[in-house]
Amino acid sequence: MIRLQRVYDEHGPAPGAGTRFLVDRLWPRGLKKADLHLDGWPREVGPSTELRRWFAHDVARWDEFRRRYTRELDAHHDTWEPLLEAARQGRVTLLFGARDTEHNNAVVLKDYLEARLKRHARTKPRRTVH
């Protein structure tokens, strides 16, 4: 299970949050590193600087941002594979700093990872009993 959490809305790790990753390329303003209780900060999994600046959290660009960010993720398996492996092992929380909780890179990344988890579950060989 993968869940999302805005870093500014939390008051410490929620019970059952599992493995916690900050998925923004930039550190959230005004927060100390010790405040987030992270298991990892894979900066490169966030959108490129160019894409982040182009999007600028403009909802009118959301669909195109999703397409472009998905292409970046497709091109850089090494950035998201550790998150996928953690999700296969248990709960994962993707932390992000954006104000808009519905239009940000963590939403796209969650959808992307969940699609791969489902694909893996469908292609997993079944054991037969004789």
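Predicted model: local features only at pLDDT ≥ 70, side-chain atom pairs only at ≥ 80, totals over all residues.

**Entry 1**

I went to helix H3, residues 62–75, and found Trp62 and Phe65 three residues apart in it, so about one helical turn separates them. I checked the count of aromatic pairs, and it comes to six. For Trp62 and Phe65, I got ring centres 5.9 Å apart and planes at 25°; planes under 30 degrees apart count as stacked, so this pair is stacked.

Are these two residues buried or exposed? Trp62 has 10% relative accessibility and counts as buried, and Phe65, at 1%, is buried as well. I then followed Phe65 to Tyr69 and found another stacked pair, with 5.7 Å from centre to centre and 25° between the planes. Phe65 and Tyr69 are four residues apart in helix H3, so again about one helical turn lies between them. Tyr69 is buried, as is Phe65. Putting the rings together, I wrote down one aromatic cluster made of Phe55, Trp62, Phe65 and Tyr69.

**Entry 2: the whole chain**

Next I stepped back to the protein chain. I listed five helices and three strands, and along the sequence they follow the pattern β-β-α-α-α-α-β-α. The chain has 130 residues, and 38% of them count as buried. I looked at contacts with a separation of 6 or more, and residues 24 or more positions apart account for 64% of them.

**Entry 3**

In which order do the three strands sit? I read S1-S3-S2, an open sheet with parallel pairing. Strand S1 (2–6) and strand S2 (19–22) are at the edges with a single partner strand each, so one side of each has no neighbour in the sheet. On average, neighbouring strands are turned by 25° against each other, direction ignored.

I also looked for what packs on this sheet, and found helix H4, residues 77–89, touching S1, S2 and S3. The direction of H4 makes about 140° with that of S3. Between S2 and strand S3 (residues 92–96), I found four bridges, and the two strands run parallel.

**Entry 4: Arg20**

I looked up the accessibility of Arg20 and got 3%, so Arg20 counts as buried, the cut-off being under 20%. Where does its side chain go? I traced the side chain of Arg20 to the backbone oxygen of His37, at 3.0 Å.

**Entry 5: Pro28**

My last stop was Pro28, in the loop between S2 and helix H1 (33–36). Pro28 is buried too, with a relative accessible area of 6%. Leaving aside residues up to four places away in sequence, I found Pro28 touching Val7, Tyr8, Leu22 and Leu36. I looked at one of these, Tyr8, again: Pro28 and Tyr8 are 20 residues apart along the chain, and their C-alpha atoms are separated by 8.6 Å.

Note on methods:
Residues numbered from 1 in each chain as written. Heavy atoms only, no water. Pairing = 2+ DSSP bridges. Axes fitted to C-alpha atoms, helices over the stretch in contact; angles between N-to-C directions. Contact = heavy atoms within 4.5 Å. Buried < 20%, exposed > 50% of the residue type's maximum accessible area, 1.4 Å probe, protein only. Polar contact = N/O pair within 3.5 Å; in protein donor to acceptor, adjacent residues only side chain to side chain. Phe/Tyr/Trp six-rings, centres within 6.5 Å; stacked < 30°, edge-to-face > 60°.
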